[in-house]
Amino acid sequence: MRATVVALIALLLAAPARASEERPTAAELESELVCPVCEATLDTSNAPVALRMKAFIRRRIAAGDTKSEIKAELVDQFGPAVLAEPPKKGFELIAWVLPLAGLALGAAAVGVLAWRWSRTRGSDDEPPDDSQEPLDPALERRLDDELARFEP
Amino acid sequence: MTGRIRLVGQVAAVGVVAALLGLLAWKLTQDESKVTSELHRGGSPVAPAFTLERLDGKGDLALESLRGKAIVLNFWASWCGPCKDETPLLQEGWKRWRGKDVVFVGVDVKDFRGDARDFLARYGVTYLNVYDGKGSTVGRYGVTGFPETYFVDAAGNVRYRIAGPVEDAAELDAGIERALAPA
């Protein structure tokens with residue numbers, strides 16, 4: 001039963017991704033591709049080469065190409081720099097790894113600081129040391145008087 | 001213990017900063033164009049080598065294979081407006097200089113191959129043209145816009161550059177004569 005539910009959820013999640021791959025829209029492709037001259041995504045660029053790329057995308061969609069095929073053709077013509085998301089290999093892998101490494105380092109630093117802080121707080125909560133010298137009787141009396149003033 | 005953690009943290013932070021600076025330096029040296037800066041200083045920098053696919057479908061062209069001739073190296077794209085005005089002038093120049101130890105080479109940059117071939121057919125271009133869709137030559141030559149023309153001498157050194165379209169035959173001829181003049 002549990003396996004069926006998991007499979008159903010996986011299917012539900014996979015369906016939109018598959019539809020996007022098999023029947024991409026011009027809008028989504030234009031947001032995922034970059035104009036090679038102005039280096040803005042196609043949906044925000046009106047550079048002449050961007051207009052040609054948009055026309056190409058529409059022609060390929062009408063011809064029934066998948067998203068991967070259209071992207072592969074544009075990468076073949078203009079190189080991987082037209083992809084808004086850098087590929088997960090080679091030098092471009094750094095763009096993916098560095099933010100994750102930064103997050104991991106930050107989380108580790110917060111963890112260490114929290115651990116140190118909790119240890120400091122722990123020592124503050126410890127019971128007072130009974131081995132301390134007793135207060136001066138005069139001072140103790142005065143302290144009792146002062147405290148008594150606050151009692152109802 | 002606290003001192004040790006702090007030391008490790010400081011070493012890690014310095015390491016990360018050094019690595020990022022190294023990456024930045026590497027990227028800058030990759031992108032740096034010495035061609036335009038040397039030309040501005042009056043020098044004759046070596047024309048960066050390239051091997052690119054010919055647009056006529058006859059294999060690749062290596063710039064080095066043209067050593068011994070003056071080269072008119074024109075960077076263009078089919079979507080570039082001023083390139084449309086300039087191309088007939090270059091084609092006329094090619095007809096005029098052909099057979100005089102001068103070759104014309106067009107480098108089509110950041111363009112569709114099909115659009116580039118249509119463009120060449122429309123303007124009746126007969127000189128060599130190569131395809132650089134990825135723009136791998138742009139940074140190395142210091143091309144700042146399209147069109148841009150470099151005049152390379154027989155030894156493979158850039159002698160002159162015209163940023164923007166070549167205005168007339170006289171300007172084109174002057175560039176070629178600089179490339180043909182003895183060093």
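The legends below describe close-up views of a predicted model.

**View 1. The two domains of chain B.** Chain B is divided into domain 1, which covers residues 1-31, and domain 2, which covers residues 34-180. Taken over C-alpha atoms, the centres of domain 1 of chain B and domain 2 of chain B are separated by 43 Å.

**View 2. Strand 4 of chain B and its pairing with strand 3 of chain B.** Strand 4 of chain B, made of residues 102-109, is mostly covered, with 7 of its 8 residues buried. Strand 3 of chain B, residues 70-76, pairs with strand 4 of chain B in the parallel sense over 7 bridges, and Phe75(B) stands opposite Val107(B) of strand 4 of chain B.

**View 3. Strand 4 of chain B and its pairing with strand 5 of chain B.** Strand 5 of chain B, residues 128-132, pairs with strand 4 of chain B in the parallel sense over 5 bridges, and Asn129(B) in strand 5 of chain B is the bridge partner of Gly106(B). Together with helix 4 of chain B, residues 113-122, strand 4 and strand 5 of chain B make a right-handed β-α-β unit.

**View 4. The contact between chain A and chain B.** Here 10 residues of chain A are in contact with 10 residues of chain B. On the side of chain A that touches chain B, the elements giving two or more residues are helix 3 (48-62) and helix 4 (67-78) of chain A, and helix 3 of chain A gives the most, with 4 residues. The residues of this side of chain A divide into 7 nonpolar, 2 polar and 1 charged.

Note on methods:
Residues are numbered from 1 along each chain as its sequence is written. Chains are lettered from A and ligands numbered from 1 in the order in which they are written. This is a predicted model: local features need pLDDT of at least 70, side-chain atom pairs count only at pLDDT 80 or more; totals for chains, interfaces and linings use all residues. Domain bounds come from an automatic or database domain assignment. A residue is buried if 20 or more other C-beta atoms lie within 10 Å of its own, exposed if 12 or fewer, and partly exposed in between; C-beta atoms are placed from the backbone. Two strands pair if DSSP finds at least two bridges between them. A crossover is right-handed if, with the strands pointing away from the viewer, the path from the first strand over the helix to the second runs clockwise. Two residues are in contact if their C-beta atoms, placed from the backbone, lie within 7 Å. Ala, Val, Leu, Ile, Met, Phe, Trp, Tyr, Cys and Pro count as nonpolar, Asp, Glu, Lys and Arg as charged, and the others, Gly among them, as polar.
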